[in-house]
Amino acid sequence: MNPITRINPAELAPPTGFSHAVTATGGRLVFLAGQTALDGDGKVVGATLPEQFETALGNLLTALRAAGGAPSALARVTVYATDVADYRAHAPELGEIWRRLAGREYPAMAVIGAVRLWDEQARVEIDGIAVLD
C-alpha cells in the first residue's frame with residue numbers, strides 16, 4: 001500500500017505539474033538535499049535551464065533510489081530558480097522532462113526565485129521529501 005495520497009480539491013484551480021496537497025501515513029521519511037546540475041566530477045553541466053533541470057532532477061532521483069525509493073514516493077519538492085521568468089518560459093519543456101524522468105504522480109511543489117545558488121553557474125536546484133513504505 002502506497003503511504004502517499006495526492007489531493008486536488010475541485011474548488012481550487014486545476015493543478016498543472018503538481019498536487020495541491022499530499023498526505024503521508026506510516027512509512028519512512030527521506031529528506032533529499034538540494035541537487036544542482038553537477039556531474040560526477042562536481043562540475044555544473046548544461047548551458048540552459050532545461051539542461052540543468054534535467055541533470056538536477058536526475059541527481060535528486062539518483063539519491064532517492066539510493067535510499068530505496070522511486071519517483072512516486074516524492075511527497076514534496078522545492079525548485080529554486082535563479083530566473084523565474086526563464087523557468088516559466090520553459091515550463092512545458094520542464095514538464096516533459098519531469099514526466100520522462102519521474103512520471104505523472106506529482107508531489108506538492110513550489111518554485112522559489114533565488115538570487116544565486118551555491119554553485120555560481122547553477123540556474124536551478126531541486127530538493128525534496130519522500131515517504132517510503
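Student: Phe53 and Tyr87: buried or exposed?
Tutor: Both residues are buried. Keep in mind that this is a predicted model.

Student: How many aromatic pairs are there?
Tutor: The count comes to one aromatic pair. Phe53 and Tyr87 form it, and the pair is edge-to-face. The ring centres are 6.3 Å apart, with 70° between the planes.

Student: Which residues of helix 1 are buried?
Tutor: They are Leu49, Pro50, Gln52, Phe53, Ala56, Leu57, Leu60, Leu61 and Leu64. These residues cover an arc of only 165° around the axis, which means they lie on the same side of helix 1.

Student: And which exposed residues are on the face turned away from that buried side?
Tutor: That face of helix 1 carries Thr62 and Ala66.

Student: What covers the buried residues of helix 1?
Tutor: The cover includes strand 3 (28-35), strand 4 (74-81), helix 2, helix 3 (91-102) and strand 6 (124-132).

Student: What happens just after helix 1?
Tutor: Gly68 takes a positive phi there, about 100°. Ala67 lies in the loop between helix 1 and strand 4.

Student: Why does Ala67 count as partly exposed?
Tutor: Because its relative accessibility is 25%. Buried would need under 20%, and exposed over 50%.

Student: What does Ala67 touch?
Tutor: Leaving out residues up to four places away in sequence, Ala67 touches Arg28, Val30 and Leu132. Ala67 and Phe31 are 36 residues apart in sequence, and their C-alpha atoms are 9.7 Å apart in space.

Student: New topic: Asp86. Where is it?
Tutor: Asp86 is in helix 2. It counts as buried because its relative accessibility is 18%. Neighbours within four places aside, Asp86 is in contact with Leu49 and Arg123.

Student: Now helix 3. How far apart are its end C-alpha atoms?
Tutor: They are 15 Å apart.

Student: Which of its residues are buried in helix 3?
Tutor: Leu94, Gly95, Ile97, Trp98 and Ala102 are buried. Their arc around the axis is only 160°, so they sit on the same side of helix 3. The face turned away carries the exposed residues Pro92, Glu96 and Arg100.

Student: What covers the buried residues of helix 3?
Tutor: Helix 1, strand 4, helix 2 and strand 5 are included in the cover. Just after helix 3, Gly103 takes a positive phi of about 90°.

Student: Last topic, the largest pocket. What volume does it have?
Tutor: Its volume is about 500 Å³.

Student: How many residues line the largest pocket, and which lie nearest its centre?
Tutor: The lining has 16 residues. Thr16, Gly17, Tyr87, Ala91 and Val111 lie nearest the centre. Helix 2, helix 3 and strand 5 (108-113) each give two or more residues to the lining.

Student: Which element gives the most to that lining?
Tutor: Helix 3 does, with six residues.

Notes:
Residues are numbered from 1 along each chain as its sequence is written. This is a predicted model: local features need pLDDT of at least 70, side-chain atom pairs count only at pLDDT 80 or more; totals for chains, interfaces and linings use all residues. Side-chain values use heavy atoms; hydrogens and water are left out. Rings of Phe, Tyr and Trp (its six-membered ring) pair if their centres lie within 6.5 Å; planes under 30 degrees apart count as stacked, over 60 as edge-to-face and the rest as tilted. Buried means under 20% relative accessible area, exposed over 50%, partly exposed in between (1.4 Å probe, protein chains only). Helices (H or I, at least four residues) and strands (E, at least two) are DSSP runs, numbered from the N terminus. The arc is that of the directions from the helix axis to the C-beta atoms. Contact means heavy atoms within 4.5 Å. On a 1 Å grid over the protein atoms alone, a cavity is a set of points where a 1.4 Å probe fits but cannot get out, and a pocket is an open set with protein on both sides within 12 Å along at least five of seven lines; lining residues have an atom within 4 Å of a point. Grid points are joined across faces, edges and corners, and a volume is the space filled by probe spheres set on the points. The expected span of a helix is 1.5 Å times one less than its number of residues.
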